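Reader: Good morning. I have just opened this entry and would appreciate a guided walk through it.
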Amino acid sequence: MENKEKLLKIENLHINFITVDGTVKAVNGVDLELNKGETLGLVGETGAGKTTTALGIMRLVPNPPGKILDGDIQFEGQSLLKLSEEEMRRIRGNKVSMIFQDPMTSLNPVETVGDQIAEVISIHQDVTNEEAKKKAAEMLELVGIPAARLNEYPHQFSGGMKQRVVIAIALACNPQLLIADEPTTALDVTIQAQVLEMMNKLKRDLGTSMLLITHDLGVVAQVCDKVAIMYGGEIVEAGSLEDIFENTKHPYTMGLFGSIPNMEDDVDRLSPIKGLMPDPTNLPSGCKFHPRCPYAKPICQEKIPTKTEVSPGHKTICLMYEEATKSLFDGPKEEK
Ligand code: SF4
């Protein structure tokens, strides 16, 4: 069922880390929107600021050295940045849950999986131990593990099953929003496909909205409705799955697609994006992607691009699409 009610709205979010080596500008003016029941893929290379954005939503940016400098994060119309720590604790794990990178180490090796799921339920809901255990059994079944294994320990489970347990814990209180940070990266491809299928099923059955953080566009294609591409702490392109996959606009997004094999294209070599992510303590002037961009013109070193809506809901930040500067470009060319 299509439901366009807004769940999460991030506006102009800036997060810095003040270190002895300088100020790390991790998140630089991020805008994101997620409606109820939707899955948004947040995509980019390591160091793009994806996880820091997610930690910002959870209000888990370590302070110091981290600091949310500016912007707003609204969840169900309420600013999360204005809540007290106590109010935020009631939202975390209850209305908004997060599966962290490397979930294999997020389970406690000396507690049964049943106790670990039940513990989350007891913390957030007014239930007896008996009821929490019963709900834990239901959650285990929901993620495809027989409830009979409730009293087993994490080491008795395979990698894929541990990941399912972590998802069961994250979903135990029926959160409206599940943030999954690279949830399948540590899994082999077969198990990855099973976990993705399970996440799709949960989305269909429970209507949970998801923010899926990944560097893998293949995963995005299987699970997401909307995509935001992140580079140097900014969203450089955002739109529907079709916008991003079939009408790619930003040179960085084009580069990401050039870096993955495609069974339909007969090419000898992939064309990876040249160079590295910029140093977040010393970001390039103008467009942050200019040192790596195959379409860059001299103006890209000076002028900071602003957001252009290239079609309804499809936005990008690149001077090639701005009215005032687009005549300086010959339009996107094929990469050599
Ligand atoms: Fe490339 Fe210039 Fe567009 Fe930046 S503004 S992505 S450097 S063409």
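Author: What follows goes through the sheets, then the helices, and then an aromatic pair. Please keep in mind that this is a predicted model.

Reader: Thank you. How many strands does the open sheet with mixed pairing have, and in what order?
Author: That open sheet has eight strands, and their order is β6-β7-β8-β3-β9-β10-β12-β11. The pairing within it is mixed.

Reader: Which strands stand at the edges there?
Author: They are β6, residues 96–99, and β11, residues 307–311. Each has a single partner strand, so one side of each is left without a neighbour in the sheet. From one strand to the next, the twist averages 20°.

Reader: In which sense do β6 and β7 pair, parallel or antiparallel?
Author: β6 and β7, the latter covering residues 177–181, pair in the parallel sense, over four bridges. For V96, the bridge partner in β7 is L177.

Reader: Which strands does helix α9 lie across?
Author: Helix α9, made of residues 251–258, lies across β3 (39–43), β9 (226–231) and β10 (234–240). Its direction is at about 100° to β9.

Reader: Now the sheet with antiparallel pairing, please. What is its strand order?
Author: It is an open sheet of four strands in the order β2-β1-β4-β5, with antiparallel pairing. At its edges are β2 and β5 (78–79), each of which pairs on one side only. Helix α1, residues 50–58, packs on this sheet and touches β1, β2 and β4. The direction of α1 makes about 110° with that of β1.

Reader: How many residues lie between β1 and β2 in their hairpin?
Author: Two residues lie between β1 and β2 in the hairpin. β1 spans residues 6–19 and β2 spans residues 22–35; they pair in the antiparallel sense over 11 bridges. K6 has N35 as its bridge partner in β2.

Reader: And over how many bridges does β1 pair with β4?
Author: β1 and β4 (residues 66–75) pair over eight bridges, in the antiparallel sense. The bridge partner of E11 in β4 is D72, and L8 stands opposite F75 in β4.

Reader: Let us turn to the helices. At what angle do α3 and α5 pack?
Author: Helix α3 (residues 113–124) and helix α5 (residues 159–171) pack at about 20°, and their axes are 8 Å apart. That angle makes α3 roughly parallel to α5. The crossing of α3 past α5 is right-handed.

Reader: Which residues meet in that contact of α3 with α5?
Author: From α3 there are V113, Q116, I117 and V120, which meet V165, A168 and I169 in α5. By class, the residues of this contact are six nonpolar, one polar and no charged.

Reader: How far apart are the axes of α5 and α6?
Author: The axes of α5 and α6 (residues 189–206) are 10 Å apart, with a packing angle of about 20°. The two helices are therefore roughly parallel to each other, and their crossing is right-handed. On the α5 side, G160, Q163, R164, I167 and L171 take part; on the α6 side, they meet I191, Q194, V195, M198, M199 and L202. The residues of this contact divide into seven nonpolar, three polar and one charged.

Reader: At roughly what angle do α3 and α4 cross?
Author: The axes of α3 and α4 (residues 129–142) cross at roughly 115° and come within 8 Å. Helix α3 passes α4 in a right-handed crossing. The contact joins V113, G114, D115, I117, A118, I121 and S122 of α3 with N129, A132, K133, K135, A136, M139 and L140 of α4. Eight nonpolar, three polar and three charged residues make up the contact of α3 with α4.

Reader: One last topic. How many aromatic pairs does the structure hold?
Author: The structure holds four aromatic pairs. One of them joins Y231 and F289 in an edge-to-face arrangement, 5.0 Å centre to centre and with 80° between the planes. This pair links distant parts of the chain, 58 residues apart: Y231 is in strand β9, and F289 is in the loop between α9 and β11.

Terms used:
Residues numbered from 1 in each chain as written. Predicted model: local features only at pLDDT ≥ 70, side-chain atom pairs only at ≥ 80, totals over all residues. Heavy atoms only, no water. Pairing = 2+ DSSP bridges. Axes fitted to C-alpha atoms, helices over the stretch in contact; angles between N-to-C directions. Contact = heavy atoms within 4.5 Å. Parallel < 35°, antiparallel > 145°, perpendicular 65-115°, else oblique. Left-handed = near helix turned anticlockwise from the far one by under 90°. Nonpolar A, V, L, I, M, F, W, Y, C, P; charged D, E, K, R; others polar. Phe/Tyr/Trp six-rings, centres within 6.5 Å; stacked < 30°, edge-to-face > 60°.
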